[in-house]
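Notebook open, structure loaded. I'm jotting things down in the order I looked them up.

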Protein chains: 2
Amino acid sequence: MEQRISLVTLGVADVAASRAFYERLGWKASSASMDEVVFFDMGGMIFGLYGQSDLSKDTGLTNTPTPGCTTLAYNTRSREEVDHFMGVVEEAGATTLKPPVDMSWGGYVGYFADPDGHPWEISWVPHFPVLEDGSLDIPA
Amino acid sequence: MEQRISLVTLGVADVAASRAFYERLGWKASSASMDEVVFFDMGGMIFGLYGQSDLSKDTGLTNTPTPGCTTLAYNTRSREEVDHFMGVVEEAGATTLKPPVDMSWGGYVGYFADPDGHPWEISWVPHFPVLEDGSLDIPA
């Protein structure tokens with residue numbers, strides 16, 4: 001199998017409300033989006049929003065899902081940007097889980113939850129520089 | 001905020017066991033990986049494996065995480081590849097959640113769980129062709 005992920009999909013309580021939150025970050029949904037499912041182009045892979053009950057039907061995992069087993073991260077180009085974007089997401093309706101802190105390994109990281117509780121990090125990670133096009137420079 | 005995700009990190013029970021599963025798919029971990037955390041380069045974004053207890057400490061979400069609120073997807077170039085790769089992941093130790101089925105919207109999708117129960121789809125989605133470099137062609 002090629003080394004890639006095509007989609008990351010969050011199960012959400014209310015697709016429209018969740019879409020509105022991510023659009024408040026300045027993101028633009030694909031015209032292929034529908035009422036039941038929303039697609040954001042993340043540079044050739046898709047970030048999807050999909051009703052949790054539909055998602056449970058698809059996967060067959062009927063246990064109640066509890067956000068917190070997966071984190072998504074937005075890495076920044078500087079330490080200052082972490083503070084800045086924690087403010088941006090809070091303004092958009094996110095809940096701060098942890099204000100930015102210095103990590104033992106040299107980074108600076110804050111955590112927030114989206115409207116469904118899905119955790120995200122906003123991270124400055126000097127070891128993985130963010131390139132011009134937004135992708136990460138990752139050692140082979 | 002730029003429209004991108006830098007990392008997707010799964011909380012796992014045993015980092016080494018989980019790493020071994022994904023390596024059996026033919027994926028190669030970055031040399032920046034450590035005992036506690038593993039990084040796979042997914043074309044400028046990172047797929048991470050991290051101990052669930054460490055992840056809970058980081059996010060502050062102390063409720064027991066239940067996989068199933070997020071799905072990851074690997075899209076294929078053909079319908080036949082779905083059947084093929086469902087076999088590949090099973091061989092590698094995955095559990096089939098749902099054998100591939102024709103979806104009402106025209107795709108062909110199978111679901112499997114990784115060793116921690118994190119659900120993945122293997123999907124043939126004619127609406128979003130997989131390009132030469134593995135990225136998706138997504139309508140603006």
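I started at the hairpin of β2(B) and β3(B), where 4 residues sit between the strands and B:Gly43 takes a positive phi near 75 degrees. Reminder to myself: this is a predicted model, so every angle here is computed from predicted atoms.

β2(B) and β3(B), the latter covering residues 46-51 of chain B, run antiparallel over 5 bridges. I picked out one partner pair: B:Val38 bridges to B:Leu49 in β3(B).

Is β2(B) mostly covered or mostly open? I looked, and 4 of the 5 residues in β2(B) (37-41) are buried, so I noted the strand as mostly covered.

Then I moved to chain A and its domains. I found domain 1 at 7-59 and domain 2 at 72-124. Over C-alpha atoms, the centres of the two domains of chain A are 20 Å apart. For contacts, I got 9 residues of domain 1 of chain A against 9 residues of domain 2 of chain A. On the domain 1 side, the elements giving two or more residues are β1 (7-12) and α1 (15-23) of chain A. That side of domain 1 divides into 7 nonpolar residues, 1 polar and 1 charged.

Last, I compared the chains.

Conventions
Residues numbered from 1 in each chain as written. Chains lettered and ligands numbered in written order. Predicted model: local features only at pLDDT ≥ 70, side-chain atom pairs only at ≥ 80, totals over all residues. Domains from an automatic or database assignment. Contact = placed C-beta atoms within 7 Å. Nonpolar A, V, L, I, M, F, W, Y, C, P; charged D, E, K, R; others polar. Buried ≥ 20, exposed ≤ 12 C-beta atoms within 10 Å, placed from the backbone. Pairing = 2+ DSSP bridges.
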